[in-house]
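Good morning, everyone. Please bring up the sequence and the structure, and keep both in view while I talk.

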Amino acid sequence: KDKQKMMHPVTFAVKQRNVDKLHDLLMDVSDPSSPNYGKHWSRERVGKFTANKVATKTVKGALEALGVQIDSTTRYGEYIKATAPIALWESFFNTQFHVFHDELSGQRVMRALEYSLPAPLAAHVHSVFGVADYAVDLHARASAKNKKPLDASPLHAHADAVGNNGDPWCQQILDTQGQPYYDVCVVYPQLLYKVYNSSSPYGSAPASQAIFGSLGQSFEPQDLAGFQAAFGLLEQPIAGAYNGHVFYNACVASTGNCDEASLDVQYITSMAQGVPTYYDYCAESSTLFTDWVYSVADMAAPADVFSISYLAPETFQSASSMASFNTEAMKL
């Protein structure tokens, strides 16, 4: 296609201040023996501590001077999203973009093999996403494999019998030839209470927690209600959703639409009953985790706890994207 017309989004991660001090500060408020234990900073204080107004202004100024469209900037200037024609980015980064094709997922993505920043910006930019970074589409890869579905009916049948005394129940799954395939062992909330000595699995109402969701997963409210009723838990619907994907009957067409999302919400609310819980959906993309970091960095009042059960092999992640993720996690 015409590189003068093909628009491409790029995210600039600005060099933040005091990142070298974040780890020690985090350990200090997390150490029960420290006098600062539990004295967490406000989101505003953390934001101002790491904000680099000069760097943010310099990067935005350089992009605007070239006619690049600034799409958005996070609340404290940590990340700048911009869009421009491929041809302009090739000149800006002194590189060449190519179309890369993932044969398993079928995805095509525009990326370069390497890039360099204009000298005046090098001192102000930590990393750039959308140019030479790659991420594996785990959802498409998982869907491309043949999976033997689990018949969940025996699990439900045994829930009342073993769920409330905390004993696990296991079922051996056989393959199509009737040979042992794998074992599934079911863990109920009461078993977790026993293992972790949680005699009072209740939290504080002023606190908040959130579950990370993606890959097209939708959370099903009535499934949570049924789970809480089955195990005698506090009846507690979610407090809200940051980016939608909360649907009644989400599991009707396929449990693959909601199993991860529902499982995560069910167990975090069972371990911290009474704590307002949110479902935080981040749309699937080749830069899923950096997209999530960007969205949380822009929140005025993020949840106190975020639970993420999704994974990505570090082999396929750039060092810069993992560093950005770690920085934002420490700030949270």
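Let me start with a definition: two strands pair if DSSP finds at least two bridges between them. Helices (H or I, at least four residues) and strands (E, at least two) are DSSP runs, numbered from the N terminus.

Now, where this comes from. This is a predicted model, in which local features need pLDDT of at least 70, side-chain atom pairs count only at pLDDT 80 or more, and totals for chains, interfaces and linings use all residues. Residues are numbered from 1 along each chain as its sequence is written, and side-chain values use heavy atoms, with hydrogens and water left out.

The overview first. The chain holds twelve helices and twelve strands. It has 332 residues, and 41% of them count as buried. Buried means under 20% relative accessible area, exposed means over 50%, and partly exposed lies in between (1.4 Å probe, protein chains only). What about contacts, meaning heavy atoms within 4.5 Å? Take those between residues at least 6 apart in sequence: 72% of them join residues at least 24 apart.

On to the parallel sheet. It is open, with four strands in the order E10-E11-E9-E12. Strands E10 (240-241) and E12 (305-307) are at the edges, with a single partner strand each, so one side of each has no neighbour in the sheet. Look at E9, residues 209-213, and E11, residues 277-281. They pair in the parallel sense over five bridges. Glycine 213 stands opposite tyrosine 281 in E11.

Helices cover this sheet. For their angles, axes are lines fitted to C-alpha atoms, for helices over the stretch in contact, and angles run from 0 to 180 degrees between N-to-C directions. Helix H10, residues 259-271, lies across E9, E11 and E12, at about 160 degrees to E9. Helix H11, residues 288-297, also packs on the sheet and touches E9, E11 and E12. Its direction makes about 150 degrees with that of E9.

Stay with H10. How do we describe a helix pair? Two packed helices are described by the angle between their axes and the distance between the axes. The axes of H9 (residues 221-230) and H10 come within 10 Å and cross at roughly 40 degrees. H9 and H10 are therefore oblique to each other. The cut-offs: under 35 degrees is roughly parallel, over 145 roughly antiparallel, 65 to 115 roughly perpendicular, and the rest oblique. Residues meeting across this pair include Phe227 in H9 and Tyr267 in H10.

Tyr267 has another contact. Leaving aside neighbours within four places in sequence, valine 187 touches Leu192 and Tyr267. Where is valine 187? Its place is in the loop between strand E8 (180-186) and helix H8 (189-195). Valine 187 is partly exposed, with a relative accessible area of 34%. Its C-alpha atom is 7.3 Å from that of tryptophan 169, which is 18 residues away along the chain.

Last stop, the antiparallel sheet. This open sheet has four strands, ordered E2-E3-E1-E6. Its edge strands are E2 (69-73) and E6 (125-129), each pairing on one side only. The twist averages 25 degrees from one strand to the next. Seven bridges join E1 (residues 7-14) to E3 (residues 79-85). There, valine 10 stands opposite alanine 82 in E3. Helix H4, residues 86-93, lies across E1, E3 and E6, at about 120 degrees to E3. Helix H12, residues 319-331, lies across E1, E3 and E6 too, at about 115 degrees to E6.

Terms used. Contact = heavy atoms within 4.5 Å.
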